[in-house]
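Dear colleague,

Please find the structure below, handed over for your review. My findings follow it.

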Amino acid sequence: MVSRAVNSECRIRRPAALVVIVFVLASVVIAEIPAKSRVVELIRHGQLPAAEKRLWDVLTAHPDEVWALELMGDLRVREKRNAEAEALFHRVLEIDPSSLEAQRSLGALYQSEGKAAEAVAAHEAILKNAPHDRDANLALATLYEQTGKYQESVAAVERIPATSRPADVLPLLAHDYFELAQPGKVPSLISQVLRLPPARQRTALDFVAVLLHNGYVQDASKLMGAIRPAKPGGDYVHVLARVREAEGRRAEASQLLTEALHMQPKSFDILFDSARFAAEENRWKDSVELLKRADAVKPDDPAVLMKLAVEYMQIGELERARLASKRLYELEPDNQDAQYVYGRVLQETKRFQEILDPLARKMVAERPNDPHALFLLGMIDYDEANEAESRREFTGSLQFDPKNNDARYYLAMLDERQGNFDAARKGLEEVVKTDPNHAGAQQELGVIRLRQGDIAGARAALETALKLRPDVPQTHYQLGLVYARLGMTDQAKTQTEMYQELHRAMNDKLKRELLPKSVYTEAAPK
């Protein structure tokens, strides 16, 4: 009887214990849902410190709570603490290898850091469990396109059910088809673009950009006409300007760019394109101002810093050119173009030999056939009057890059320095024949022609040089001599006065840059 009673009691208690366990588990799950939703809500409203505090409370009690680790990783991404975010996502995958969200977050993190191979691996891991996952396939399509794997990019898009594909894949697919030499597949995409609602105009404009890039100008123009809104905005006007430029209607394109910039004065793309237009028209100061505005909108963009450095040199603002090129070099120290531009600016300033010399020699040692590296070393030897070495380096630069007119220009300057004026003139005439906007070559050609008695030729070259670089004192001086020889007294006087004014301003600027402020102030006339 006792035994039966005990067994009966046990039979009664087991279901009761099970009920307690189920109740506790349900309570944990119910408690977890509001806790997670509260954190998500805090993050959505930008209350990151409060969200982090709640997450720490959860993780202190439950260090392996997956949802809390994932959200903490998302917080670290927002704070640009990428190494911590990566570690958190990896920890989630150790606990739950099937977590699609952790893989997705890891892939997005790698993609934002430019780690294409790692990003691809993370998104491909998602496809092992969910081969038709929309977001993973979209990310892979973009990554494959960026790395030149166009067939794989198309395959990634095609894995997404047609009804789930976003409109954004249309420009991407068009680019893939052009790269795969399958332009016959593009017209069907154009039909889809034409059916897009007005709210997706950005996608349509991106599609037009792909058509332009591949030389389908007429199709791009027709599509722009078909999608033209009742009241065009800055983005539409900007792309229309690019279409008109491709059609050879440059004046109209320039006017459209001005309108687009007025509509969207802080648009990086419009500022950058406007700066390009200004530079192509030799409006260097306008171009620099536009690039400065682009730099303010998107700081440390390599393309902007590169152009700023070059164009500051173009207008003689060497210290600003140095600062821009230094920013570029520090941002991308292994970029060959960044190395070259920084070195070229340092050479122009003639104040940083201790930095320039080792940089140039390192470049040539690492890349002996690099025309830019050879040219830069040639400039150093030219400045130090190592004429044989600089001639060898400039000649080598031309050998590997026959279009390097700067190397040809300095070879002509070496000929002039050595008294071989006929060879110098021939070399300079070669430069201006292929690059009539080479201000230095035009000026020096004018000097040599004047020396050889070709007054008309000297005038033509010096007037061209003056249009390209009106801030060079020596050009005004030489042109004054030409006008005097031609009996143009008033013009000669004007050029002489301009020379004196610019020369005085240049000397004052050098004093300010080279002397301590107190010395310059004391030395300045009262």
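A salt bridge is taken here as a side-chain nitrogen of Lys or Arg within 4 Å of a carboxyl oxygen of Asp or Glu. The model is a predicted one, in which local features need pLDDT of at least 70 and side-chain atom pairs count only at pLDDT 80 or more, while totals for chains, interfaces and linings use all residues. Residues are numbered from 1 along each chain as its sequence is written, and side-chain values use heavy atoms, with hydrogens and water left out.

Salt bridges

By this rule, the count comes to 49 salt bridges. One of them joins Lys115 and Glu113, with an N to O distance of 3.4 Å. For accessibility, buried means under 20% relative accessible area, exposed over 50%, and partly exposed in between (1.4 Å probe, protein chains only). Lys115, at 32%, is therefore partly exposed, and so is Glu113, at 30%.

Arg44 pairs with Glu41, the closest N and O atoms lying 2.5 Å apart. Helices (H or I, at least four residues) and strands (E, at least two) are DSSP runs, numbered from the N terminus. Because Arg44 and Glu41 are 3 residues apart in helix H1 (residues 2-44), about one helical turn separates them. Arg44 counts as exposed at 57% relative accessibility, whereas Glu41 is partly exposed at 36%.

A network of salt bridges links Glu245, Arg250, Asp273, Arg276, Glu280, Glu281, Arg283 and Asp286.

Helix packing

Contact means heavy atoms within 4.5 Å. Among the H17 residues that meet H18 are Leu305, Leu308 and Tyr312, and the H18 side includes Ala321, Ala324 and Leu328.

Backbone

Lys80 has a positive phi, near 60°, in a residue other than glycine. Lys80 sits in the loop between helix H3 (66-78) and helix H4 (82-95), and is exposed at 72% relative accessibility. Asp300, also not a glycine, has a positive phi of about 65°. The loop between helix H16 (284-297) and H17 holds Asp300, which is partly exposed at 37%.
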